[in-house]
Amino acid sequence: MSIWSYSVSGFDIYSYPDIIVCNSAVLLILLPHRLYGVHKLGASSVAYVNLSRRRCSRGFRACSGKLKTSIRGCAPSAFVVADDKKYGNKQIISITPRLYDYILDNVREPEVLRKLREETASMRGSMMQVSPDQAQLLAMLVQIHGAGKCIEVGVYTGYSSLAIALVLPESGRLVACERDAICLEVAKKYYEKANISHKVDIRYGLAADTLRSLILNDEACSYDFAFVDADKRMYPEYFELLLQLVRVGGLIVFDNVLWHGKVADPEVNDAKTVSIRNFNADLMEDKRVSISMVPIGDGMTICRKL
């Protein structure tokens with residue numbers, strides 16, 4: 001059995017293939033290639049950590065002597081049960097590493113997307129890239145909706161925009177907003193590899209400025225679909241601008257609405273977490289859209305303009 005060792009703020013952490021423990025009584029969920037969630041035992045708080053992993057040079061017996069919490073006989077559950085009895089003890093799927101691997105095995109990821117994902121994995125900020133299952137959902141939403149004109153706010157290296165552009169009709173158009181020139185060069189390379197450069201209208205600069213320019217160019221209510229994965233504190237402004245650009249019945253999708261679980265932890269009140277928590281609360285009360293929060297990736301909210 002493989003043992004992996006991590007270090008987080010002075011804590012030593014050791015893992016089985018399906019479960020990770022550390023000497024601060026923290027249970028961590030390991031998704032492929034990165035440590036994705038940190039769940040405190042006996043509490044609901046979740047924190048995000050991005051770490052590389054290394055094989056432990058000691059056996060588990062030596063490692064386990066440092067642990068304050070025993071995991072003998074412990075294994076991750078495949079489901080959780082809602083605490084509120086009004087939900088009828090509903091069993092909800094809990095995404096374990098093994099189950100997530102199974103999900104990824106059932107994603108139809110085009111070869112060009114796979115190559116882009118693998119190249120991005122070695123870059124700074126690679127955790128910002130959407131997951132393959134998220135990209136597949138975005139592409140399906142575009143197809144189901146019969147979208148022809150789309151907007152993406154926050155391109156990074158182009159994984160989600162490429163997934164969207166691949167399913168757009170030949171006459172389709174995706175306005176891709178990004179302020180990182182280095183990341184855009186990677187995206188452009190793969191747009192060309194996939195022969196979809198003619199569908200992507202790259203806008204380098206601040207996304208809010210680009211969206212305002214589209215409105216001033218009389219493009220209000222002409223877009224079918226928008227995806228937002230950018231500065232979380234700008235979500236309210238992006239939402240208001242996109243509401244002007246997207247037609248009635250059009251979709252606006254926001255990424256990272258669960259923010260690594262921090263939004264559900266009242267003890268976490270950093271600026272980004274609070275901004276996303278407030279944004280989620282505002283969307284709940286906004287009668288201009290119908291919404292569905294989907295627990296895929298780091299959480300996505302799909303808004304349909306009414």
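Patches are made of residues with over 30% relative accessible area and no salt bridge, like charges being joined within 9 Å and nonpolar side chains (Val, Leu, Ile, Met, Phe, Trp, Tyr) within 5 Å. The model is predicted, so that local features need pLDDT of at least 70 and side-chain atom pairs count only at pLDDT 80 or more, whereas totals for chains, interfaces and linings use all residues. Residues are numbered from 1 along each chain as its sequence is written, and side-chain values use heavy atoms, with hydrogens and water left out.

One nonpolar surface patch, of about 330 Å², is made by F79, V81, I93 and I95; accessible areas come from the Shrake-Rupley method with a 1.4 Å probe, and for residues only the protein chains shown count as cover. Of these residues, V81 lies in strand β8 (residues 79-81). Strands (E, at least two residues) and helices (H or I, at least four) are DSSP runs, numbered from the N terminus. V81 counts as partly exposed because its relative accessibility is 39%, where buried means under 20% relative accessible area, exposed over 50%, and partly exposed in between (1.4 Å probe, protein chains only).

An open sheet is formed by seven strands in the order β12-β11-β10-β13-β14-β16-β15, with mixed pairing; two strands pair if DSSP finds at least two bridges between them. Its edge strands, β12 (200-204) and β15 (289-294), each pair on one side only. On average, neighbouring strands of this sheet are turned by 15° against each other, direction ignored. Axes are lines fitted to C-alpha atoms, for helices over the stretch in contact, and angles run from 0 to 180 degrees between N-to-C directions.

Within the sheet, β10 (residues 149-153) and β11 (residues 173-178) pair in the parallel sense over five bridges, and C150 has L174 in β11 as its bridge partner. Two helices lie across β10, β11, β12 and β13: helix α5 (residues 159-167) runs at about 175° to β10, and helix α7 (residues 207-216) at about 145° to β11. Strand β13 comprises residues 223-228.

Strand β16 (residues 300-305) is largely enclosed by the rest of the structure, because five of its six residues are buried. Strands β14 (residues 246-255) and β16 run antiparallel and are joined by five bridges, with V253 opposite I302 in β16. Strands β15 and β16 also run antiparallel, joined by six bridges, and V289 stands opposite K305 in β16. β15 and β16 form a hairpin with five residues between them, and G297 in the turn has a positive phi of about 60°.

Q129 is placed in the loop between α3 (111-120) and α4 (132-145). With a relative accessibility of 12%, Q129 counts as buried. When neighbours within four places in sequence are left aside, Q129 is in contact (heavy atoms within 4.5 Å) with L116, R117, T120, Y156, T157 and Y159.

Side chains of opposite charge can pair when their charged atoms come close. With a salt bridge defined as a side-chain nitrogen of Lys or Arg within 4 Å of a carboxyl oxygen of Asp or Glu, the count comes to 18 salt bridges. One of them joins R114 to E118, the closest N and O atoms being 2.8 Å apart. R114 and E118 are four residues apart in helix α3 and are therefore separated by about one helical turn. R114 is partly exposed at a relative accessible area of 24%, and E118 is partly exposed at 44%.

In the salt bridge between R173 and E219, the closest N and O atoms are 2.9 Å apart. R173 lies in strand β11 and E219 in the loop between α7 and β13, so this pair ties together parts that are 46 residues apart in sequence. R173 is partly exposed at 22% relative accessibility, whereas E219 is buried, with a relative accessible area of 8%.

A further salt bridge is formed by R212 and E237, whose closest N and O atoms are 2.1 Å apart. This pair links distant parts of the chain, with R212 in helix α7 and E237 in helix α8 (residues 235-245), 25 residues apart. R212 is partly exposed, with a relative accessible area of 35%, and E237 is partly exposed at 29%. Salt bridges with shared partners also join K149, R173, D201, R203 and E219 into one network.
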